[in-house]
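Student: Hey, I'm new to this one. Could you walk me through it, starting with the aromatic rings?

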Amino acid sequence: MDEEIPGRLSPYVRRPRRALLPGSPAPVPLRRRIGGFFVLRFLTALPDDLADAVAALLDPFERAARLAGRLVHGPALRGGRTSAAGRFALALHGFHWTHWQAETDGPEGMFTARRGDGPGVAGTVTARPPWGRGDPARGSHTAACKLRRVPRLRRRPARVDLVFPDGSWLALRMNTRADAARLRAALGPARSTAVPGTASSPAPAPAPAPTFAPEPDIGVRAGRGTP
């Protein structure tokens with residue numbers, strides 16, 4: 001069995017609309033959305049739950065910190081929900097929704113990578129939910145992709161970017177820098193195993209590998225092009 005590496009979708013990838021999740025759940029009612037406003041949450045929780053009231057007051061600061069983190073991180077998904085990257089992200093959100101019936105930012109997953117047959121040939125990455133290992137009914141999503149070069153100022157030890165044949169791409173955040181290095185190594189270009197000075201026997205012609213569109217401009221704002 002291929003090694004499964006723990007990680008998650010970058011939290012800076014915007015969550016999809018609820019209608020795109022498995023089962024097409026209904027949108028959140030307007031009353032519930034208004035009730036989630038931090039001032040109303042604070043006033044509602046204050047008489048009974050001081051901790052929840054304080055958490056409601058801290059919510060604007062958490063949102064501001066998240067925005068600052070997004071600016072530092074840069075784009076996290078390019079291509080829209082109908083692209084290969086969008087479908088990969090939606091699959092991770094779908095695993096979580098199917099299991100917990102709840103939305104989350106940067107859903108977790110287990111990732112298995114296989115490199116291509118030669119330099120420049122696309123490999124594959126398979127995402128699975130972090131639960132149910134060994135269960136035959138466990139969900140999975142496999143896509144052809146290769147590593148994307150992250151701009152120097154955006155690089156982080158645990159960040160791994162995947163680019164897909166249609167030119168779309170997304171960012172993953174692995175649990176540790178060691179996990180990120182393992183995923184990069186598993187998906188990296190294949191190395192030649194021929195011994196110098198020896199003739200190699202002719203190999204059968206490989207199956208056509210997915211071709212990649214030119215890598216898009218890395219300066220596009222995160223989430224642009226998503227519905």
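Student: What are the centre distance and plane angle for Phe-88 and Phe-164?

Tutor: Their ring centres are 5.8 Å apart and the planes stand at 45°, so the pair is tilted. The pair links distant parts of the chain, 76 residues apart: Phe-88 is in helix 4 (residues 84-100), and Phe-164 is in the loop between strand 6 (159-163) and strand 7 (169-174). Helices (H or I, at least four residues) and strands (E, at least two) are DSSP runs, numbered from the N terminus.

Student: Are Phe-88 and Phe-164 buried or exposed?

Tutor: Both are buried. Buried means under 20% relative accessible area, exposed over 50%, partly exposed in between (1.4 Å probe, protein chains only). Ring pairs also link Phe-88 and Phe-164 with Phe-111 into a cluster.

Student: And how are the rings of Trp-100 and Trp-131 arranged?

Tutor: Their centres are 6.2 Å apart with planes at 80°, so that pair is edge-to-face. Trp-100 lies in helix 4 and Trp-131 in the loop between strand 4 (123-128) and strand 5 (141-147), so the pair ties together parts 31 residues apart in sequence. Trp-131 is partly exposed, at 24% relative accessible area.

Student: Which charged residue sits over the ring of Trp-169?

Tutor: That's Arg-148, whose charged end is 3.7 Å from the ring centre. The rule is that NZ of Lys or CZ of Arg is within 6 Å of the ring centre and within 35 degrees of the ring normal.

Student: What does His-96 touch?

Tutor: Leaving out residues up to four places away in sequence, His-96 touches Gln-101, Ala-102, Thr-104, Pro-107 and Trp-131. Contact means heavy atoms within 4.5 Å. His-96 is in helix 4, and at 18% relative accessibility it counts as buried.

Student: Switching topic: where does the model come from, and how is it counted?

Tutor: It's a predicted model: local features need pLDDT of at least 70, side-chain atom pairs count only at pLDDT 80 or more, and totals for chains, interfaces and linings use all residues. Residues are numbered from 1 along each chain as its sequence is written, and side-chain values use heavy atoms, with hydrogens and water left out.

Student: What's the mean pLDDT of the protein chain?

Tutor: The mean is 78, and 67% of residues reach 70 or more. pLDDT is the predictor's confidence in each residue, from 0 to 100.

Student: Where does pLDDT stay under 50?

Tutor: Residues 190-204 are one such stretch, with six contacts beyond four places in sequence. Over residues 217-227 the pLDDT is below 50 too, and that stretch has 24 contacts beyond near neighbours in sequence.

Key: Phe/Tyr/Trp six-rings, centres within 6.5 Å; stacked < 30°, edge-to-face > 60°.
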